[in-house]
Amino acid sequence: MSAQLVLLLSGPNLNLLGEREPEVYGSATLDDHVEVARAAAAVHGLVVEHLQSNHEGELVDAVHGARGRCAAIVINPGAFTHYAWAIHDALAAFDGPVVEVHLSNPATREPWRHTSVVAPVAAGTIAGFGSDGYRLAVDAVASLLDR
Ligand code: CA2
């Protein structure tokens, strides 16, 4: 079976992981989390393509570029989770499974983090498990793709 691509998208400020707020997000860097995702993907014969952006439009473009090319999307939209309807709409137009992942559990945090505009277009959300969430998200994608 040939390798299918999984697009892993990271939203704003996730490039700062490991530098600040370790009590909330842990001490691992974004590269560490991407490596966890890549290793989990390899077990299932999947390949991860990663993009981090601080710009909503760039993430929307990446979702468009994944159409017909990537089998699935794993996304940690960062703070865009809570209000970026353009990302919602782009994901709704993607034809494969979408899994939302968060390092922290937004449901236990400030009220404004309790809404996700991405959740309605995701097959599921994994939140609160730190780096393990990236492995769990890729395992979920593999299962949804029947790998
Ligand atoms: O828990 C998550 O993964 C979040 O998506 C992280 C976002 C936050 O806005 C979401 O509510 C939940 C924030 C990512 C910002 O990460 C930083 C890392 C280091 C220093 C500052 C911000």
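Around the ligand sit 15 residues, and those that come nearest are Asn76, His82, Leu103, Ser104 and Arg113. Keep in mind that this is a predicted model.

| Residue | Protein atom | Distance to a ligand oxygen atom |
|---|---|---|
| Alanine 79 | polar backbone atom | 3.3 Å |
| Histidine 102 | polar side-chain atom | 2.9 Å |
| Arginine 113 | polar side-chain atom | 2.8 Å |

How much of the ligand does the protein bury? Taken alone, the ligand exposes 510 Å², and 95% of that is buried by the protein.

The largest pocket comes out at a volume of about 420 Å³. It is lined by 19 residues, with Pro12, Asn13, Leu14, Tyr25 and Arg113 the closest to its centre. Sorted by class, that lining splits into eight nonpolar, seven polar and four charged residues. Arg113 turns up here as well as among the residues that come nearest to the ligand.

Last, the aromatics. The count is one aromatic pair. Phenylalanine 80 and tyrosine 83 make it up: their ring centres are 5.9 Å apart and their planes meet at 75°, so the pair is edge-to-face, given that planes over 60 degrees apart fall in that class. Are the two partners buried or exposed? Phenylalanine 80 has 7% relative accessibility, so it counts as buried, while tyrosine 83, with 49%, counts as partly exposed.

Conventions:
Residues are numbered from 1 along each chain as its sequence is written. This is a predicted model: local features need pLDDT of at least 70, side-chain atom pairs count only at pLDDT 80 or more; totals for chains, interfaces and linings use all residues. Side-chain values use heavy atoms; hydrogens and water are left out. Rings of Phe, Tyr and Trp (its six-membered ring) pair if their centres lie within 6.5 Å; planes under 30 degrees apart count as stacked, over 60 as edge-to-face and the rest as tilted. Buried means under 20% relative accessible area, exposed over 50%, partly exposed in between (1.4 Å probe, protein chains only). On a 1 Å grid over the protein atoms alone, a cavity is a set of points where a 1.4 Å probe fits but cannot get out, and a pocket is an open set with protein on both sides within 12 Å along at least five of seven lines; lining residues have an atom within 4 Å of a point. Grid points are joined across faces, edges and corners, and a volume is the space filled by probe spheres set on the points. Ala, Val, Leu, Ile, Met, Phe, Trp, Tyr, Cys and Pro count as nonpolar, Asp, Glu, Lys and Arg as charged, and the others, Gly among them, as polar. A residue is near a molecule or strand if one of its heavy atoms lies within 4 Å of it. A polar contact is a pair of N or O atoms within 3.5 Å; within protein, one must be able to donate a hydrogen and the other to accept it, and residues adjacent in sequence count only if both atoms are side-chain atoms. Accessible areas come from the Shrake-Rupley method with a 1.4 Å probe; for residues, only the protein chains shown count as cover.
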